[in-house]
Amino acid sequence: MIGFIRAITAILIAILIQGGISGAVETTPEEEVADFMAGLMTNDSQVIERYMDNEYINFLANIETDDETKARMNEALFKNLKYEIEDTAQKGGAAVVEVRLYTNDFSDVLQKYKDASYEYVMDNLYDDKVTNKKKLSKKCLDIYVDQIEKDAKKETSLEKKVYIPMIEDGYGGWKILLNKGIMKNIMGKLAIPK
């Protein structure tokens with residue numbers, strides 16, 4: 001009889017644990033968007049890894065530079081980013097979240113970077129820093145980050161409404177179907193140097 005009670009107790013505990021775990025994992029589409037935005041703004045590796053196939057996320061995660069320059073760039077890109085979740089439509093295993101974004105306008109960073117890096121190369125044409133590819137690459141990235149930081153100091157902001165589609169991930173959560181257009185809007189129309 002004691003063995004039977006232990007078996008029943010073990011089964012009940014397993015059911016309760018499983019129910020508690022699946023109840024804790026369930027999230028809403030709005031929570032997924034909020035988690036994504038918070039993870040993006042803080043460079044959370046778990047969030048970044050889930051969306052590594054996106055060109056912008058990949059750029060942020062894998063840019064070849066020192067930690068200080070990477071931190072400067074992330075801080076400038078996201079320091080003025082704010083968002084409001086305005087509406088959600090959900091049907092079955094699909095959802096779309098309407099988000100209003102407020103960020104700096106970084107649309108002219110790439111052109112400013114090209115102009116400044118060209119000027120640097122021309123001014124230092126006979127310097128060893130220009131002929132050393134590694135040093136030149138680092139300097140050009142510094143110029144790019146400088147341009148982002150300058151635009152991040154501006155008072156003007158870009159307001160944009162984006163629609164973020166997602167599907168259920170099968171584990172009580174949601175997967176954002178992140179594309180280049182969504183990320184470009186989140187990052188203030190920033191163009192990535194090639």
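## Salt bridges in the model

In this predicted model, the count of salt bridges comes to 13. Side chains of opposite charge can pair when their charged atoms come close. Three of these pairs are described below, each with its place in the fold and its accessibility.

## Helix H3 and helix H2

Arg50 and Glu32 form a salt bridge through their side chains, with a distance of 3.3 Å from N to O. Because Arg50 belongs to helix H3 (residues 45–50) and Glu32 to helix H2 (residues 29–42), this pair ties together parts that are 18 residues apart in sequence. Arg50 is partly exposed, at 39% relative accessibility, whereas Glu32 is buried, since its relative accessible area of 5% falls under the 20% cut-off.

## Two pairs that involve helix H8

A salt bridge also joins the side chains of Arg72 and Asp146, at 2.8 Å from N to O. Arg72 lies in helix H5 (residues 67–78) and Asp146 in helix H8 (residues 133–152), so the bridge ties together parts that are 74 residues apart in sequence. Arg72 is partly exposed at 22% relative accessibility, and Asp146 is likewise partly exposed, at 29%.

The side chains of Lys112 and Asp151 meet at 2.9 Å, N to O, in another salt bridge. Since Lys112 is in helix H6 (residues 109–123) and Asp151 is in helix H8, the pair ties together parts that are 39 residues apart in sequence. Lys112 is partly exposed, with a relative accessible area of 26%, while Asp151 is buried at 2% relative accessibility.

Through salt bridges that share partners, Asp66, Arg72, Lys138, Asp142, Asp146 and Glu149 are joined into one network.

Key: Residues numbered from 1 in each chain as written. Predicted model: local features only at pLDDT ≥ 70, side-chain atom pairs only at ≥ 80, totals over all residues. Heavy atoms only, no water. Salt bridge = Lys/Arg side-chain N within 4 Å of Asp/Glu carboxyl O. Helix = DSSP H or I, 4+ residues; strand = E, 2+ residues; numbered from the N terminus. Buried < 20%, exposed > 50% of the residue type's maximum accessible area, 1.4 Å probe, protein only.
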